[in-house]
Amino acid sequence: EKTKNKHIIQEKNIFILGGEGFLGRNLADRLSGSHKCYSVGHKPSVFSAGRKDVFIEADPYLNKINRESGVVLHLIDNKTSTRDVVAKERDLVKNIGLKPGDYLVFFSSVSVYFEPKSEYGQRKTFLEEFYKKYCEENNIGLAILRIFNVYGPYQLPNKPGSLIANILTDHLNNHKTIISNLEIKRDFIYSEDIAKVVEHVINIGYQGTTDIATGRYTSIRDLISLIERQIGEPLDIEIRGINETDYCPKPDVIFSKDVVFTELDEGLIRTADYYRKNIKLINAYERI
């Protein structure tokens, strides 16, 4: 879907729902340079040092949040049943006062393509349809961004989609990494590139649905080789599973000419350096 609105958005109040998480911290870093950013979450991120955004302790599904009109970035995956997901989302839009003239960026997932029957895939599909209808009926600008596999700064290990974080933290802690399939191919996108795309989306007032991905696929086998080359030593990897290929949806990337994506080898170098510098902080968090 092509953009309907090319106007430039000047400094805005940006509310990041789920801003204390992995992507939220990357977005806040980038956007706080030119916008007033507010991060809504249950508790501050472990990576809160030096932040420029304002933290708001709240659950937008339960608590009313006073905010000025502006941009809302919706990163939260409310892990409720598919039966209740739309009703809960109605509570959220009421609590945050989403209203005509606002601009919403809803973060969906590649799971709507290759795991459409999973609980997560169904939630994202239902919410895409809910926000399309709600925003059209209420004159709210809407961008739906389907995210492919993201890695980079602020990602904690042992979370969904945290393969690269797992590999690097396991290596730094002298632990073995268990991998089930070396032949799976994924489109890995550096987290700071997500923030660059979102900044571009906000600046042009994009409205529509698109993927955020590089358009390049890398197998887990090749990813491991690349990481070993970047860190200069072998990884301790154990394979537990059957090596079979799987379905890889082709991303529909419309901003590839507007945003320069980081090459995987360069992104891995930066990410490995980040984990080396922050491994003590991450380990302390993991022991909580």
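Q: Is helix H1 (residues 22-31) largely enclosed by the rest of the structure or exposed, and how many of its ten residues are buried?
A: In this predicted model, the buried residues of H1 are Phe22, Leu23, Gly24, Arg25, Asn26, Leu27, Ala28 and Leu31. The helix is therefore largely enclosed by the rest of the structure, the number of buried residues being eight of the ten.

Q: Which elements are included in what covers the buried residues of H1?
A: Burial here means under 20% relative accessible area. The cover over the buried residues of H1 includes strands E1 (13-17), E2 (36-41), E4 (71-74), E5 (103-109) and E7 (149-151), together with helix H6.

Q: How are H7 and H8 oriented to each other?
A: The axes of H7 (residues 220-231) and H8 (residues 264-286) come within 10 Å and cross at roughly 55°. H7 passes H8 in a right-handed crossing. The two helices are therefore oblique to each other.

Q: How many nonpolar, polar and charged residues are in the contact of H7 with H8?
A: H7 contributes Leu223, Leu226, Ile227, Gln230 and Ile231, while H8 contributes Leu264, Asp265, Leu268, Ile269 and Ala272. By class, the contact has one charged, one polar and eight nonpolar residues.

Notes
Residues are numbered from 1 along each chain as its sequence is written. This is a predicted model: local features need pLDDT of at least 70, side-chain atom pairs count only at pLDDT 80 or more; totals for chains, interfaces and linings use all residues. Side-chain values use heavy atoms; hydrogens and water are left out. Axes are lines fitted to C-alpha atoms, for helices over the stretch in contact, and angles run from 0 to 180 degrees between N-to-C directions. Helices (H or I, at least four residues) and strands (E, at least two) are DSSP runs, numbered from the N terminus. Angles under 35 degrees count as roughly parallel, over 145 as roughly antiparallel, 65 to 115 as roughly perpendicular and the rest as oblique. A crossing is left-handed if the near helix is turned anticlockwise from the far one by less than a right angle, and right-handed if clockwise. Contact means heavy atoms within 4.5 Å. Ala, Val, Leu, Ile, Met, Phe, Trp, Tyr, Cys and Pro count as nonpolar, Asp, Glu, Lys and Arg as charged, and the others, Gly among them, as polar. Buried means under 20% relative accessible area, exposed over 50%, partly exposed in between (1.4 Å probe, protein chains only).
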